[in-house]
Amino acid sequence: KEAYAQLEHKLMALRENSRTGDERKTLDEVFDHETVMGIYKLMTSKIIESVLFPISTGKEGNVFACENLQGKLLALKIYRTSNSTFNRINKYIEGDKRFLGISGSKRKVMAAWASKEFRNLQRMHEARVNVPEPIKFHRNMVVMEYIGSKTAPAPTLRQVALDDPSKVYKNTIDNISLMYQKAGLVHADLSEYNILYYKRKPVIIDVGQAVLTDHLNSKDFLERDVKNINRYFRSLDVDIEDSDHIINNIMG
Ligand code: ADP
Ligand code: MN
């Protein structure tokens, strides 16, 4: 009880620290009672020790920097249980054979979604795709390795000036290929916004919507991913490979 009150106080303080009215509103939305209870559970089970600062406020969720008892930085991604998020996500869950029988309650679907992102991360991490290491999922939350420094998260490809874009391009294609061939997954929302640049390498994030390669639309998704990446690196004047050629190579 005491510890819960302390956590709530801490989250309030975080809110007071955030500058704009918009951010304040969003933090209020994220930290409803259910979510505070969820974060509290992550603390009592020693997954995280404290929430440090907000990293990102998106349409469908928020990401926070946290640290554990050993002082290791972690990223906590919290899916918001809003109607629009639910409606979009419910479609993906219905089309995924791993989630037969899960639909209906908003809370259940959000939890299934967080577990889907977690399991996708696990498969990718095991296949040595460069993704944040998955740590834990709980309800509508995913805890993973934090990518960045003590003071700032790693920039997205979109936000950074690459000194060797051609090398980053090749590395990105290699990751897509590894993801397909070794993890059996297609990202399905890949772009310069969902790739961080850290230690001179691309790190792929936001894998909640990734689908198994035997999914009905996996080839379309793969094509879209590759075309997005080609479009971005072409804009950086990189000598890109033909997308059909890349896709044939990946699919074998
Ligand atoms: P969404 O796009 O659905 O809001 P993302 O998973 O893309 O969610 O995360 C949003 C932002 O949070 C990213 O653009 C990135 O800046 C930051 N972020 C996400 N995961 C991490 C992580 N593991 N380490 C550091 N920053 C992260
Ligand atoms: Mn994203």
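Gly71 is located in the loop that joins β2 and β3, where helices (H or I, at least four residues) and strands (E, at least two) are DSSP runs numbered from the N terminus. The model is predicted: local features need pLDDT of at least 70, side-chain atom pairs count only at pLDDT 80 or more, and totals for chains, interfaces and linings use all residues. Residues are numbered from 1 along each chain as its sequence is written, while chains are lettered from A and ligands numbered from 1 in the order in which they are written. Gly71 is exposed, with 8 other C-beta atoms within 10 Å; a residue is termed buried if 20 or more other C-beta atoms, placed from the backbone, lie within 10 Å of its own, exposed if 12 or fewer, and partly exposed in between. A distance of 38 Å separates the C-alpha atoms of Gly71 and Leu236, which are 165 residues apart along the chain. Met37, part of helix α3 (residues 33–44), is likewise exposed, with 12 other C-beta atoms within 10 Å. The C-alpha atom of Met37 is 9.5 Å from that of Glu8, at a separation of 29 residues along the chain.

The protein comprises eight helices and nine strands. Its radius of gyration, taken over C-alpha atoms, is 19 Å, close to the 18 Å given for 252 residues by the globule rule, so the protein is as compact as a globular protein of that length; the rule is 2.2 Å times the number of residues to the power 0.38. The C-alpha trace spans about 60 × 45 × 35 Å along its principal axes. Of the 252 residues, 35% are buried. Among contacts with a separation of 6 or more, 59% join residues 24 or more positions apart, a contact being a pair of residues whose C-beta atoms, placed from the backbone, lie within 7 Å.

The domain assignment gives domain 1 (2–145) and domain 2 (157–251), with bounds that come from an automatic or database assignment. The C-alpha centres of domain 1 and domain 2 lie 25 Å apart. Their contact takes 15 residues from domain 1 and 16 residues from domain 2. On the side of domain 1 that touches domain 2, α5 gives the most, with seven residues. That side divides into eight nonpolar, two polar and five charged residues; Ala, Val, Leu, Ile, Met, Phe, Trp, Tyr, Cys and Pro count as nonpolar, Asp, Glu, Lys and Arg as charged, and the others, Gly among them, as polar.

The largest nonpolar core has 60 residues, of which Leu74, Leu76, Ala114, Met124, Val131 and Val143 touch the most other members. Such a core is a set of buried Ala, Val, Leu, Ile, Met, Phe, Trp, Tyr and Cys residues joined through C-beta atoms within 7 Å. Beyond its neighbours within four places in sequence, Leu76 is in contact with Ile48, Val51, Val63, Phe64, Cys66, Met141 and Val143.

Around ligand 1 there are 20 residues, of which Ser56, Gly58, Ala75, Pro153 and Asp206 come nearest; a residue is near the ligand if its C-beta atom, placed from the backbone, lies within 6 Å of it. Two or more residues of this shell are given by each of β1 (50–57), β2 (61–67), β3 (73–79) and β5 (141–145). The shell has 10 nonpolar, six polar and four charged residues, and at least three of its residues are drawn from each of domain 1 and domain 2.

Methods: Two residues are in contact if their C-beta atoms, placed from the backbone, lie within 7 Å.
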